[in-house]
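Please look over the sequence and the structure first, then read the points below.

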Amino acid sequence: TLRNSGIQIPIVSGAFCPAIFSTGVYHGNMPVQDDIEFTRNVISQFLENGLLDSADALSFHSYERPGSIAACTSTLRNVIQQSERRNIPIWITEAGYCWDGKSGMRATISNDIDCAKVIAAKALEAKAAGITRFYTFVMNHYTENTVNNAIDSFGLIDGYFTPQRSFCAYATAARKFAHYQYVGELSNIQ
């Protein structure tokens, strides 16, 4: 194995699609409930076949708006709860939010502000949900065509190699909250 060879690079298993745990909006072709059950079966097969035995972490991707990460993490933990790997660290290895690529090499101000809010909020939600590591998608400018012939662009840095608001929001959230721990929900506040 890699560990027996002295290799110390983390081995990350997954990555699972975010919609697989969500009971909210799903943009694929499979009805949400079928997708959730399908994914639970896939994760169970991962466990049964030992695909997590050598892993240092389990990962999933998040492209929804904030509010879904805690539920995704909880569902994933519930699925692996009975296994020996129930305490495996969970990473989000891609978390992004696209902006309309038709605007060119840089997001419009309104798209840029929206992406900044979404990415920073997701980073904080991930921390509150117990996610061990959180990686945005993607640092550099990246554009892809969608099935509807729309153009989705991602990137904390624009096509001119200058930071967008999302870069500043993410960096500020990381700097300000890196050493804090989530202590729970406030309740009964009026």
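## Overview of the chain

The protein chain holds four helices and seven strands. Along the sequence these follow the pattern β-α-β-α-β-β-α-β-β-β-α. The model is predicted.

**Whole chain**

- The protein chain has 190 residues, and 35% of them count as buried.
- Taking contacts between residues at least 6 apart in sequence, 65% join residues at least 24 apart.

**Nonpolar cores**

- In soluble globular proteins, nonpolar side chains tend to be buried together.
- The largest nonpolar core of this model has 20 residues, and the members that touch the most others are L58, F60, I92 and I131.
- Two or more residues of this core come from each of helix 1 (32–48), strand 2 (57–62), helix 2 (69–80), strand 3 (90–95) and helix 3 (109–128).
- Helix 2 gives the largest share, five residues.
- Another core, of five residues, lies apart from the largest one, and its members include Y97, W99, A107 and V118.

**Contacts of I131**

- I131 is one of the core residues that touch the most other members.
- Beyond its neighbours within four places in sequence, I131 is in contact with F60, I69, T73, I90, W91, I92 and A126.
- Two of these partners, F60 and I92, are also named among the core residues that touch the most other members.

- S13 is placed in strand 1, which covers residues 12–16.
- The relative accessible area of S13 is 7%; because buried means under 20%, S13 counts as buried.
- Not counting residues up to four places away in sequence, S13 touches F46, L51, L52, A55, A57, L58 and S59.
- One of these, L58, is also a member of the largest nonpolar core.

**Second largest pocket**

- The volume of the second largest pocket is about 280 Å³.
- Its lining consists of 13 residues, of which A123, K127, F134, A174 and A178 are the closest to the centre of the pocket.
- Helix 3, strand 5 (133–136) and helix 4 (165–177) are the elements that give two or more residues to this lining.
- By type, the lining residues of the second largest pocket are ten nonpolar, one polar and two charged.

Technical notes
Residues are numbered from 1 along each chain as its sequence is written. This is a predicted model: local features need pLDDT of at least 70, side-chain atom pairs count only at pLDDT 80 or more; totals for chains, interfaces and linings use all residues. Side-chain values use heavy atoms; hydrogens and water are left out. A nonpolar core is a set of buried Ala, Val, Leu, Ile, Met, Phe, Trp, Tyr and Cys residues joined through side-chain atoms within 4.5 Å. Buried means under 20% relative accessible area, exposed over 50%, partly exposed in between (1.4 Å probe, protein chains only). Contact means heavy atoms within 4.5 Å. On a 1 Å grid over the protein atoms alone, a cavity is a set of points where a 1.4 Å probe fits but cannot get out, and a pocket is an open set with protein on both sides within 12 Å along at least five of seven lines; lining residues have an atom within 4 Å of a point. Grid points are joined across faces, edges and corners, and a volume is the space filled by probe spheres set on the points. Ala, Val, Leu, Ile, Met, Phe, Trp, Tyr, Cys and Pro count as nonpolar, Asp, Glu, Lys and Arg as charged, and the others, Gly among them, as polar.
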